[in-house]
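Please examine the structure below with attention to its aromatic side chains. The account that follows leads through them step by step.

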Amino acid sequence: MNDAGFMPMEAPLGKSNEVSFSKREKIFSFVAAALGFVFIKCFAAPFLIDVRMGLGAAVFLILTLVFSLAFKKGRKITPSKALRTVLCVLFSANIFISANFLIQSLCFIFSAMILVYDCLADSNERFDRIRKMFPADIFAAAFRPLSDMCACPGAMKSAADKNNAGKAVKNALLGLAIALPSTIVVGVLLMNADSGFADILTSITDGGLRSVLIFAAQAVIGLPVGFYIFAMCHAASDCDESSDEYCLQRIAAVRFVPSGAAAFSAVPLCVMYVIFFFSQISYFLSSFASRLPSDMASYSEYARRGFFELCIVALINLAVIIGINLFSKYGEDGKKSKFLKIMTVTLCVFTILLIVTAVSKMAMYISVYGLTRLRFYTSWFMLLLGVLFIGIIISVIHNKFNLSKFAVTAFTVMFAVLSFSNADRLIAEYNIGRYLNGTLPSADITMFRELSADAVPAAEKLRGHISQTEEEKLDEILESKLQEFHKADIRTVTVSELMAERCQNERL
């Protein structure tokens, strides 16, 4: 006991629970926090206020990629990592190139997923190539950094504790925070006591208070993003989880349905499809022959009837196939039952037939009425589904076939086609070309309302081939698109809008 009669405090035995950070990590913690503010300034603010994105979003993604590449020195550059880096750069750049908001949004999400998975892949060689457990891997890659969100502020605190200037700043901020309540109370009392002082203080705080509130809002959103970026790279640097055995054990835990019951659950669907195909044989033959059935009044009615229902049925089949294969028990030999494989392939074949039918109906509809965004996107999506079902069939026949790798590769290729095809310009040029060669009866000027500035160069081809009234209407639509561009700031600028403005200036 000491002089005061208390037992002296002793340091706990054993290792300290405090996480140690390298000098490099301490520096990068501040860079990550700055990236959080870049996220707010370059992407979130224009996205939430103007519902636009462009150069700013691309810059944020590229800077995040550079941060992740520079975070850990001596990283081995494998062909897979090089490919992921190139894909991230290309899809990020496309946000700046295209003015199509849907394509921009999908490119942003896709690039972010590449960044997240790339950090996980840096942690262990088994993640460098896409495994069969890829869905679990991408889920872990996205959510695992949430458990390490305190790493960034911890590294910043550690840097401040080791630096005299940092300690001074920390103490100053703490002192100001303690003094803030009393200062506010005194300020209010003095403002009530003297009108002149109230006028001076009001003029000072009007602009300043608003700036403080804006900065606080940005910090509330931006700092967690910066913390996540740091955690994404920091957590990956020492990852030793998600082993193959662990994933297989988790998957085995959900296999509770007997394989026979799982297989028989697909029988009613297959029987229904057999009846459906036989009852609709005349309609199917008409779609493949580009001929309108006798009981249909128009191509529009024929193409629309059941098209979206077929799309939904294809998605339901995909969910059923995943369900019966995920939850069904394996046999004593550790393999799927042959009956389950047969039913899986049967469902896939019926679904592919439905997809082919739907695509053929849509192709006939497009040949008569031209392209729109909805027709273009749904056709792309149905083709993607068809490729995935083909992959499922191959995986059933060959047990060693990596379905996850096939699905990711197929999606990446198909998404690249969608993203870099310049969909809006392609739609406009297709319809205009059809109109100019006489295979479409009229030029649909109103389609440019739904299309982005990507389609403006194609619209110039219509001049001289439409009436003056239609040209005036076209000018009005194109001018409205340029007005949106002129109101936007540099963070949402796109190459397509710059090209559209150049086309308009050259015409004038």
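At 1% relative accessibility, phenylalanine 91 counts as buried, where buried means under 20% relative accessible area, exposed over 50% and partly exposed in between (1.4 Å probe, protein chains only). Phenylalanine 420, at 40% relative accessibility, is therefore classed as partly exposed.

This is a predicted model, in which local features need pLDDT of at least 70 and side-chain atom pairs count only at pLDDT 80 or more, while totals for chains, interfaces and linings use all residues. Residues are numbered from 1 along each chain as its sequence is written, and side-chain values use heavy atoms, with hydrogens and water left out. The predictor's confidence in each residue is given by pLDDT, from 0 to 100; its mean over the protein chain is 79, and 77% of the residues reach 70 or more.

The structure holds 21 aromatic pairs. Rings of Phe, Tyr and Trp (its six-membered ring) pair if their centres lie within 6.5 Å; planes under 30 degrees apart count as stacked, over 60 as edge-to-face and the rest as tilted. Phenylalanine 91 and phenylalanine 420 form a tilted pair, 5.2 Å centre to centre with 45 degrees between the planes. This pair links distant parts of the chain, 329 residues apart: phenylalanine 91 lies in helix α3 (residues 79–97) and phenylalanine 420 in helix α17 (residues 403–420). Helices here are DSSP runs (H or I, at least four residues), numbered from the N terminus.

The ring centres of phenylalanine 376 and tyrosine 377 are 6.1 Å apart and their planes stand at 65 degrees, so this pair is edge-to-face. Both phenylalanine 376 and tyrosine 377 are buried. Elsewhere, ring pairs join Phe39, Phe43, Phe47, Phe60, Phe101 and Phe108 into a cluster.

Notes. Helices (H or I, at least four residues) and strands (E, at least two) are DSSP runs, numbered from the N terminus.
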